[in-house]
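Hi everyone, thanks for coming.

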Amino acid sequence: MAGRALLSSHNSLRAITTFSSVCRPTNRLAPYRFRRLRRSFLPAPPAISTATCCRNNPRTDGESENPSKAEPFVLTTPLYYVNAPPHMGSAYTTIAADAIARFQRLLGKNVIFITGTDEHGEKIATAAEANGRNPKEHCDAVSDAYKMLWKELDVAYDKFIRTTDPRHEGIVEEFYLRVFSNGDIYRADYEGLYCINCEEYKDEKELLENNCCPMHLKPCALRKEDNYFFALSKYQKLLEEHLMNNSNFVKPTFRLNEVQGWIKSGLKDFSISRSSVEWGIPVPNDEKQTIYVWFDALLGYVSALLDEDAHPSLEKAVDAGWPASLHLIGKDILRFHAVYWPAMLMSAGINPPKMVFGHGFLTKDGLKMGKTLGNTLEPKDLVDRFGSDAVRYFFLREVEFGNDGDFSEDRFININNAHLANTIGNLLNRTLGLLKKNCQSTLAFDSDSAAEGNMFKDTVEKLVKKAKDYYENLSLSSACESVLEIGNTGNLYIDERAPWSLFKQGGLSYETAAKDLVLILEAMRIIAVALSPVAPSLCLRIYSQLGFSKDQFEATTWADTKWGGLKVGSVMAEPKPVFARIETEKEGGVVAKAGGVQQTSKARGINRGQGLAQAA
Ligand code: MSP
């Protein structure tokens, strides 16, 4: 059988002392040979037995040792491979992470939102070569493309880690030595089928015909190498216990079952070095090998925590906020995060992360959207055409977080038009129009007094409470739905009450109508706070229409979703649509339409809901 692993378990692995010249490819990247790290033979790690590091440490259950000491909320996206520029699949995790980070900031948490790029390994070196660039130039360019996209998508990260950062390399070296001195690294030879796109040896039984990787649909290559191995099998029992004692460690729950299944079926040691790959961090005790890209990249989550001017040490990085509160990842990299990573950390005497959430895939025609299959959707193109709010809202609202979701442009347009342009935008616009016409754009009542004896306020309060619970459970789509429901309730209310007729009747009816407008506008204010994690630019525009400044918007907290923010005498801004309706045209792409005025979207950014369209 081709590609069968020579040996599979730690105990049966055959240690070797010589290298086979047959299995060492020629050094095609020699001119760009990776800078050797300064050998800094670090002191041995504190003697922490693997049995005690996680069992006896109370912080592994996700609770704070000292509740009075505010722990940061550390949230990470995967560190993206820089083999190609970002696509919508990569943007998806980051948008979701940004929404969660923004929500946690609204709760007053000290959020450390980490993202970054994974820049070592064969896949990156090959991509750089194909682009005629040296790996460093290539990584700089693609890493910048990620940063630019995050800006376009309103992603407000706190730390951006690149795995080629020398400070990170120092952390990896220190970590490797800790694991080594704990007796968990040994040398052996290995033969197996390798998927370069996954950067992973595969079990033959998980492959398709012709040894094709089921994810990338490309044949795996037979590799034979002598490598250093991490003794994962030693951690079988500890991992089982960790999962049993920390039911929130893997989310959603159906993914926890998957992880439990992997562990139960028996953990195999895995190789953590490559003798054939130049573009990587050298193995501390063997310069002829580089550290396996996953063993390197996972540590980016820790090194990202280092303060800019702190001396880079594992201890300092850990003290700055570890363990991570939440790793957000796609389901394809769950095994690395929920099995390999906690075991590696246990070996080094460091606590595992508190939670790993594995979301589903964005698919096109049922296949995972990805760089390898080339069936990607350009996030920049979507942002240029529809604006960041539409992109963020659509993917977070449409795809149940955790499950797969297929993209359709028609659906994208329909959802954004129905929810953001109509339910929210139009409600705000027509209410402000009525207020301008009848009350000189000025509130005649406090929102509190306007709501006295009115069930509308109770309904809004219930919905906003639901939204909070959903955000807390990472049910982002349901959180959007609850906020949108406030808009639906507002539309029903205004249609039933018909304040435009009440104003005409004058007297008490006039007063009732003026109160009704305050109720709707207060609901809009609450929507602006509660939806701000998902659609921050749109919500700023709503807040500005309600007479608040940008600074006031940026200072909001979740407490501002409490009813009673709008006060008598407040003057609202000139009504302007906050989200222009998107309309398709027979030819020539997409047309933005608001209040019956159509505009072509040829000019960049025309459909960003920046008040280009006229008020109804
Ligand atoms: N470099 C590793 C991660 C190392 S983390 C220490 C990697 N990079 S990746 O660029 O290939 O993928 C990054 C993330 O993007 C993964 O979580 C992956 O699931 C996600 N996505 C890539 N394509 C995707 C979709 N089509 N849909 C949703 N997410 C997808 O893996």
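**A walk through the model**

Let's start with one side chain: that of Asn227 makes a polar contact with the side chain of Ser271, at 3.4 Å. By polar contact I mean a pair of N or O atoms within 3.5 Å, where, within protein, one must be able to donate a hydrogen and the other to accept it, and residues adjacent in sequence count only if both atoms are side-chain atoms.

A quick word on where this comes from. This is a predicted model, where local features need pLDDT of at least 70, side-chain atom pairs count only at pLDDT 80 or more, and totals for chains, interfaces and linings use all residues. Residues are numbered from 1 along each chain as its sequence is written, and side-chain values use heavy atoms, with hydrogens and water left out.

Back to Asn227, which sits in strand 6, residues 221-230. Helices (H or I, at least four residues) and strands (E, at least two) are DSSP runs, numbered from the N terminus. Is Asn227 buried or exposed? Asn227 is buried, with a relative accessible area of 0%; buried means under 20%, exposed over 50%, and partly exposed in between, using a 1.4 Å probe and protein chains only. Its side chain also reaches the backbone oxygen of Ser273 at 3.1 Å. Among the residues that Asn227 touches, leaving out those up to four places away in sequence, are Tyr186, Tyr201, Arg274 and Gln289; contact here means heavy atoms within 4.5 Å.

Another residue to look at is Thr290, in strand 11, residues 286-291. Thr290 is buried too, at 4% relative accessible area. A polar atom of its side chain lies 2.7 Å from the backbone oxygen of Val277. Thr290 and Gly280 are 10 residues apart in sequence, and their C-alpha atoms are 5.3 Å apart in space. Not counting residues up to four places away in sequence, Thr290 touches a group including Ser273 and Arg274.

Now let's zoom out. The protein has 616 residues, of which 57% count as buried, and its secondary structure comes to 21 helices and 19 strands. Of the contacts with a separation of 6 or more, 77% are between residues 24 or more positions apart.

As a general point, nonpolar side chains tend to be buried together in soluble globular proteins. In this model, the largest nonpolar core has 180 residues, and Met88, Phe175 and Phe395 touch the most other members. A nonpolar core is a set of buried Ala, Val, Leu, Ile, Met, Phe, Trp, Tyr and Cys residues joined through side-chain atoms within 4.5 Å. Helix 19 gives this core its largest share, 14 residues. Apart from it lies another core, of six residues, among them Leu193, Cys195, Cys198 and Cys213.

Keep an eye on Phe395: leaving out residues up to four places away in sequence, Phe395 touches Met88, Tyr92, Leu362, Leu377, Leu382 and Phe407.

How do helix 2 and helix 13 pack? Helix 2, residues 88-106, and helix 13, residues 388-398, meet at an angle of about 90°, with axes 10 Å apart. Axes are lines fitted to C-alpha atoms, for helices over the stretch in contact, and angles run from 0 to 180 degrees between N-to-C directions. The two helices are therefore roughly perpendicular, a label for 65 to 115 degrees; under 35 is roughly parallel, over 145 roughly antiparallel and the rest oblique. Met88 and Tyr92 of helix 2 and Phe395 of helix 13 are among the residues making this contact.

Helix 13 also meets helix 17, residues 476-497: their axes come within 7 Å and cross at roughly 110°. That makes this pair roughly perpendicular as well. Here Tyr393, Leu396 and Arg397 in helix 13 meet Leu476, Ser477, Cys480, Glu481 and Leu484 in helix 17.

Let's finish with helix 20, residues 536-545, which is mostly covered: eight of its 10 residues are buried. What covers those buried residues? The cover includes helix 2, helix 13, helix 14, helix 19 and helix 21. After helix 20 comes Gly547, with a positive phi near 90°.
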